[in-house]
Amino acid sequence: MHLPDVKQLTPREIVAELDKYVIGQSQAKRSVAIALRNRWRRQQVPEALRDEIAPKNIIMIGPTGVGKTEIARRLARLARSPFLKIEASKFTEVGYVGRDVESMIRDLTHLSVDMVKSEERQKVEVKARELAEERLLDLLLPQRMGELEEEKSTTRERFRQMLREGKLNDRYVELEVSQRGGGPMVEIFAAAGMEEMQSNLQDMLSNVFPSKRKRRRVTVSEAGKILEQEAVGKLIDMDKVIEKAVARLEQTGIIFLDEIDKVAAKSSGSGGPDVSREGVQRDLLPIVEGTSVHTKYGIVRTDHILFIASGAFHVSKPSDLLPELQGRFPIRVELNPLTEDDFSRILTEPENALVTQYRALLATEDIELVFEAEAIEELARISYEVNERTENIGARRLHTVMEKLVEEISFEAPDVAPKQIAVTAEYVQERLKDIVKDEDLSRFIL
């Protein structure tokens, strides 16, 4: 079994990690933490029973901007799992123009292969650099007749030292580089739902018409990068990469199906956009239940991929989904709308908090931005108030409010630096009072 060697976190540790990035929503965090830990538990079970244990898929119910996607994304990063976020509303029933549901498994397989390839690249980087250096020295020091072995070795070592110190970076060498052909010939097939056919045709044609070699005159610095890339390509065993990637995807892959409520709404009976909603659910069913999907890297089984579906469910309810599909999502978690206090915490507590981001951005201009505690509270109050009066877009409202707040500072920054700027509650009110007072304006601007 080719699974990543990740420290196995307990559910409590998983929740603690998620707390660094997502405020509140403790019930949703507990559910995903248990689902992740159950994957590890399943690997410890005797093999005969292991295949019988299906993942406990989750439906997250809650308004936009409360952390549904962020919880799933951070969970995948913790587990080093191949992760794909996709909107269920992008799919159409087989027979309609649009993406078929199997395409998400193909996309996830590409991501998994890229992930494993990147890990393998890191393992061979040092060796590739050494090989590229030797090849570069061969180009810089062509064989000379009658040169003594000892003399040749001394010259080579001297050049190696200069190369490592960057003294030869601007010198030019002639290099053979590969040019791949056959790409544009199949661009005609890139219509919706035909991506896999295009990719397969391009692969086939690249084998029929192998890559051509062309001599180019490049700097030593550029040549080093090209030769290193070629060395990496030769050192990585792609068959092994694909085998590991497919195994990892099948055992630890996570698919986040957003907007599942959009395909749950009952048909109005008048055709139009509702016509394929139930069909999409029927197409999703075998993928979630467990089936085999043909990809360019071979057959991928979906039996143990974890599916996390999410939706606001304003118009429809989870019970509007097909009964068979409901049965495949046994865990239902309701996420809470954000409170004013949550907004204050979101601004400052997470490791990637907005206040931290803006301070770092403006520090590049020698501006030290200091947010007073009262200013944070005022920002939270205004964001909460605007959400209540207009559309509730959750924490995303903070992005628009913050951008409006620091707009003038961002514009003036290069001209006034270096400087310390204090953001006070009065400054927040001054910058945002007109927009907050005028509901039509706040709908338009915030």
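Which side chains meet in a salt bridge at 2.9 Å, N to O? Glu-134 and Arg-156 do; the legends below start with an overview and then return to this pair.

**Figure 1. Overview of the predicted model.** This is a predicted model, in which local features need pLDDT of at least 70 and side-chain atom pairs count only at pLDDT 80 or more, while totals for chains, interfaces and linings use all residues. Residues are numbered from 1 along each chain as its sequence is written, and side-chain values use heavy atoms, with hydrogens and water left out. The protein has 18 helices and eleven strands (DSSP runs numbered from the N terminus: helices are H or I, at least four residues; strands are E, at least two). Of the 446 residues, 45% are buried (buried is under 20% relative accessible area, exposed over 50%, partly exposed in between; 1.4 Å probe, protein chains only). The accessible surface is about 24,400 Å², and carbon and sulfur atoms hold 50% of that area (Shrake-Rupley method, 1.4 Å probe; for residues, only the protein chains shown count as cover). Among contacts with a separation of 6 or more, 78% join residues 24 or more positions apart (contact means heavy atoms within 4.5 Å).

Figure 2. The structure holds 33 salt bridges (a side-chain nitrogen of Lys or Arg within 4 Å of a carboxyl oxygen of Asp or Glu). In one of them, Glu-134 meets Arg-156 at 2.9 Å, N to O. Glu-134 lies in helix H5 (residues 103–140) and Arg-156 in helix H6 (residues 149–164), so the pair ties together parts 22 residues apart in sequence. Arg-156 also forms a salt bridge with Asp-138, with the closest N and O atoms 3.0 Å apart. This second pair likewise links helix H6 to helix H5, across 18 residues. Glu-134 is partly exposed at 30% relative accessibility, and Asp-138 is partly exposed at 41%. A network of salt bridges links Glu-133, Glu-134, Asp-138, Arg-156, Glu-157, Arg-160 and Arg-164.

Figure 3. Arg-381 pairs with Glu-385, the closest N and O atoms being 2.7 Å apart. The two residues are about one helical turn apart, because they are four residues apart in helix H14. Arg-381 is partly exposed at 32% relative accessibility, as is Glu-385 at 26%.

**Figure 4. Surroundings of Leu-249.** Leu-249 sits in helix H9 (residues 238–252) and is buried, with 0% relative accessibility. Leaving aside neighbours within four places in sequence, Leu-249 is in contact with Pro-82, Leu-108, Thr-109, Ser-112, Val-300 and Ile-305.

Figure 5. Asp-258 belongs to strand E5 (residues 254–258) and is buried at 15% relative accessibility. Not counting residues up to four places away in sequence, Asp-258 touches Thr-69, Lys-85, Ile-86, Glu-87, Ala-88 and Ser-310. Glu-259 is in the loop between E5 and helix H10 (277–289) and is partly exposed, at 25% relative accessible area. The phi of Glu-259 is near 55 degrees, a positive value. Most residues other than glycine have a negative phi.

**Figure 6. Phe-313 in a loop.** Phe-313 lies between strand E8 (306–311) and helix H11 (323–327). Its phi is also positive, near 50 degrees. At 10% relative accessibility, Phe-313 is buried.
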